[in-house]
Amino acid sequence: MSQSASAVEPPPSKVRRTSFNEGTGRLAALLLSPTLIVLVLVVVYPIISALRESLYTSGGIGDDGFVVEGTQFVGLDNFAAIFSGETGERFWNAFYNTTFFTVTCVVLETLLGVLMALVMHKAFKGRSIVRASILVPWAIPTVVSALLWKWIFQADGVANAVLGTQVLWSTEGWQSVLSVIIADTWKTAPFIGLLVLAGLQTIPDEVYEAAKVDGASPWKTFTRITLPLVKPALLVAVLFRILDTLRIFDLPYVLVGPNKESVETLSILAFLEANQTRYGPAAAYATLLFVYVAVVAYAFVKLLGADVIGEARQTGKKAGRRKKGGA
Amino acid sequence: MRFERSHTRKAVALTVASSLVLFAAACGSGDDGSGGSGGSSGGALEGRGPIKFATGKDTSGNLKNQVDAWNAQHADEKVEITELPESADQQRNQMISNAQIKSTEFSVLNLDVVWTAEFAANRWITELPEDQFPDLGKLLPSTVETGKYRDKLYAVPVTSDGGLLYYRKDLLDKAGVKAPTTWAEMKDACAKVKALPEAKAASCYAGQFEKYEGLTVNFSEAINGAGGVVVGDDGKPNVDTPEALEGLNFLVDGFKSGEIPKAAITYQEEPGRRAFQEGNLIFHRNWPYVYALANKTDGSSKIAGKFGVAPLPGLKGPGVSTLGGHNYAISAFTPNKATAADFIKFMSSEERQKANVEKTSQAPTWASLYDDPELNKQFPYLAPLKASIGSAKSRPQVVKYGDVTTAIQEAAYGALNGTTPPKDALAGLQTKLSTLITQ
Amino acid sequence: MAGRIDVKAAEAPWYRRWLPLLGVGLIVLYCLLPFYWMIVSALRRPSDQFDNSIVPKVWSVDNFKDVFQAGTGFGRGLLNSLIVAGTVTILTLIVGMVAAYTLARLEFRFKNAVLAIIITTSMFPGISLVIPLKKLFSDIEWINTYQAMIVPSLSFALPLAVWNLTAFFRQMPRELEQAAMVDGCTPAQAFRKVILPLAAPGVFTTAIITFIAAWNEFLIAVSMVNRKDIQTANVVIAAFTGTSGRDQPFGSQMAAGVVVTIPLVIAVLIFQRRIVAGLTAGGVK
């Protein structure tokens, strides 16, 4: 990621570098160090130790009935085991589920979130109530909302009462998948809504006024002005939703339950292995998921944003110019 | 530019160095102290001082009373309760992760009966010299077995649990049938009861059939109740037998014929209790806790005072319950093992167990308490419960219990929801268990 | 509901005015219905907990009383959640803004690499971080401390904060600071007086998201802290049980959920006022 990105970097920065003094690099390092130190301590270190763990195995039972102590280095055996036989089928099923949840949930959440943001941004009576209510799903602790949905989707719960059916939501099949999608979309669409709203609010009114003067239709205003200007915020929001949904765990686990083929995700597999104190294979699953997430994120940034931040710079300049023109 | 580069190099070097230190620390903490604190030795338990008792939530508030009673007598060896989350999974995870880092945070662990083997084999709990626990003989023998791993004692049972058959006494009386002792009798009784107009809409029977630990319990009861075994006394799995098949078919046929409602495939304890309390079930397998709740007259139960309790039925006679309950064990990493042992003795004593039953209605392990006339008056289900626990079977006492129960649930769930023929499910389970249990 | 849409569509002249309102109504319904169910469930008597009626047969605050009864430690839990989430939010904003502004405005090598590293840290499954982290915190004796909850939450919040704020700061025209510096402001002053007010919506949104995420964090809080007096509200809720241990106190869990959520929403409403205020202030300058 870093290599190709820095390969793209030189032309614009060369021009600008002149306006900054030589200490810039040092200053940047100084200013970035708090962030990096925290991340290294709390995330990078555990990641490294998990990566190391994935190459080891432990936990055989000796003749005396006790678990053999210590760990043995097994190279890539843990990874090879994941792809072989029944475990392999299970892995690919979880891989598919993870991908399916991510695509479906993120698309739905993005559509809903953008809609929410547009509604929140429009000035009308009772706006603060709308804003508050949109926040509610996001604000309810996952611990509680998973329980709430579990209750709603019980055999004798309110979902069945309202639908007048007796769907067994927690059994294998489309219904369990649907229940997870409903609950996840409900909970996290507000996240995208909030971030996009913030993006909308930084667009100067003058831009819209200028568009009005030009006689642009609402749709044209939306696609030509609003969307490009809000794109950086939207892309960051969607990107982080993708990262989160690829690691989805709580909802399928609590709502439907462990060992259910229809909703088993890669995070659940990693958890179940760790739960059986097989830390090596668990770390291997986690590592594979990590690689998958990284690949998806990289592809997303490359395909949709060129790079999210770079794009922001361009539109930012445009907005600035427009603003000056309008004022 | 040059400055910047040299700086970057320095930064990289620093990062690498610091991550190496962290790396080394990771390796160090993983490997050091491999001898443990002698958790496996059966020697004397030493060390006195304050200890911490890790347990699931104190549901009745009575645990605090019990511990207060101890603390009043032991000023220098005070016990502090550490409450863990409600979910059993979370409790186990917290205990294991503390053991992983050899934390001295927990001294006495309140373990589910199925965790004993795993905790013992991993040297997370200390072996208990049986001669230091003279009262073991006064506890129900089946419960003491759950505290053992490879014939050595690791934990002392303090509460027990056994399955009971709850039945609608009012309806059975009206239909002129007695509480069944076999599955066939239960079917007949159900048919007669359903002939009554008020019971038309009710289903016959339900236990816990969602894919979780409760399914392992119900599956084992069905197998054992038909004379089969999941894992034999020799410690070898032997589930692909005609007896086991008959047992499993009791449940599979029940689902097919509608005697067990379809929704029961989603039942854990609570949804089943709800269905029974709503009057939707004639027979219901559940734990003793249901008794008090279903008898509540505050409107939450439609069947208060209208139901009875019996031991579980089986194929040809009384059935076999699966044993539940909790055992207390001593963390291998606590320095104050002598205090911990005394505390366990205290908590498992007759006096404390009696106080606990009175307040919480949790099944005791002290055998004579079941014959206490006062208690029997307060808890009329004690007699059937004693029968249930007395003849109850433990779930497999194996180190990889988590894998074993998952395999059982997988097989049972597939058979119950009709995706796997029962015969194939059992054959598959036998193969799976054979690879998992190799002792 | 579908019928209503048809009616609106038929009355073309009203279309413009009513469609947004209808959208608003639908969104509010969508967001609040499950929450409504939560409130209603909390307000039932524990004895009709499993009722599916739209309003409780008999209203009762018993569940709320249960939540706050002595011994649950819920009040203390709320305070702890506030301490943890508040500290995390403040630290995330300070640390994150510095990093984001650096990334947005300074030109230096490895910038994209830094951005990549930062986001990479939120790609690892959270459940796999717990045990190594617990080992680490145990070694440095952080178990049962506030920082054992604050620092991980900080690190979970930083990637989004940095990326989001960077995007916002970049959108601010560079000419603004240059103009301010021409007027005699130092770069720091220019940032504080010119950029910050303009980026206020982004900053406040980041604050809200960070606060909510920290407030809702469970996995780390439950693993790193055993002591009741510093447990957060979420951990306390997870320890709720019924009278026997097998029955689930759904009502009091929902009541606790309501109690935990309402302050958040109120806090956000206050924040939102500030967002608007920040915007106008920026506009004037």
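Which residue in β11(B) does B:Val156 stand opposite? Keep that in mind while reading these notes; the whole thing is a predicted model.

1. Let's start with the answer. B:Val156 stands opposite B:Tyr328 in β11(B). The strands to look at here are β6 (residues 155–161) and β11 (residues 324–330) of chain B, which pair in the antiparallel sense over six bridges.

2. Now zoom out to the sheet around that pair. In chain B, six strands line up as β2-β1-β3-β11-β6-β12, giving an open sheet with mixed pairing. The edges are β2 (79–83) and β12 (363–364) of chain B; each has a single partner strand, so one side of each has no neighbour in the sheet.

3. Chain C is another story to look through. Of the 285 residues in chain C, 55% are buried. Take the contacts in chain C between residues at least 6 apart in sequence: 72% of them join residues at least 24 apart.

4. Pick one helix of chain C and check its length. Which residues of α9(C) are buried? They are C:Ala190, C:Phe191, C:Val194, C:Ile195 and C:Leu198. These five cover an arc of only 125° around the axis, which puts them on the same side of α9(C).

5. Next, see where chains A and C meet. The contact takes 89 residues from chain A and 83 residues from chain C. On the chain A side, helix α3 (residues 24–53) gives the largest share, 18 residues. Sorted by class, the side of chain A that touches chain C has 63 nonpolar, 16 polar and ten charged residues.

6. Last, a look at the record for chain A. An unreviewed UniProt entry lists "transmembrane region" for residues 27–48, 100–120, 132–153, 173–200, 221–243 and 282–301 of chain A. What does the model show for two of these spans? Residues 221–243 of chain A are 100% helix and 0% strand, with the end C-alpha atoms 31 Å apart. Residues 282–301 of chain A also come out as 100% helix and 0% strand, and their end C-alpha atoms lie 28 Å apart.

Terms used
Residues are numbered from 1 along each chain as its sequence is written. Chains are lettered from A and ligands numbered from 1 in the order in which they are written. This is a predicted model: local features need pLDDT of at least 70, side-chain atom pairs count only at pLDDT 80 or more; totals for chains, interfaces and linings use all residues. UniProt positions are given in the numbering used here, feature names are shortened, and annotations may be inferred rather than shown by experiment. Helices (H or I, at least four residues) and strands (E, at least two) are DSSP runs, numbered from the N terminus. A residue is buried if 20 or more other C-beta atoms lie within 10 Å of its own, exposed if 12 or fewer, and partly exposed in between; C-beta atoms are placed from the backbone. The arc is that of the directions from the helix axis to the C-beta atoms. Two residues are in contact if their C-beta atoms, placed from the backbone, lie within 7 Å. Ala, Val, Leu, Ile, Met, Phe, Trp, Tyr, Cys and Pro count as nonpolar, Asp, Glu, Lys and Arg as charged, and the others, Gly among them, as polar. Two strands pair if DSSP finds at least two bridges between them.
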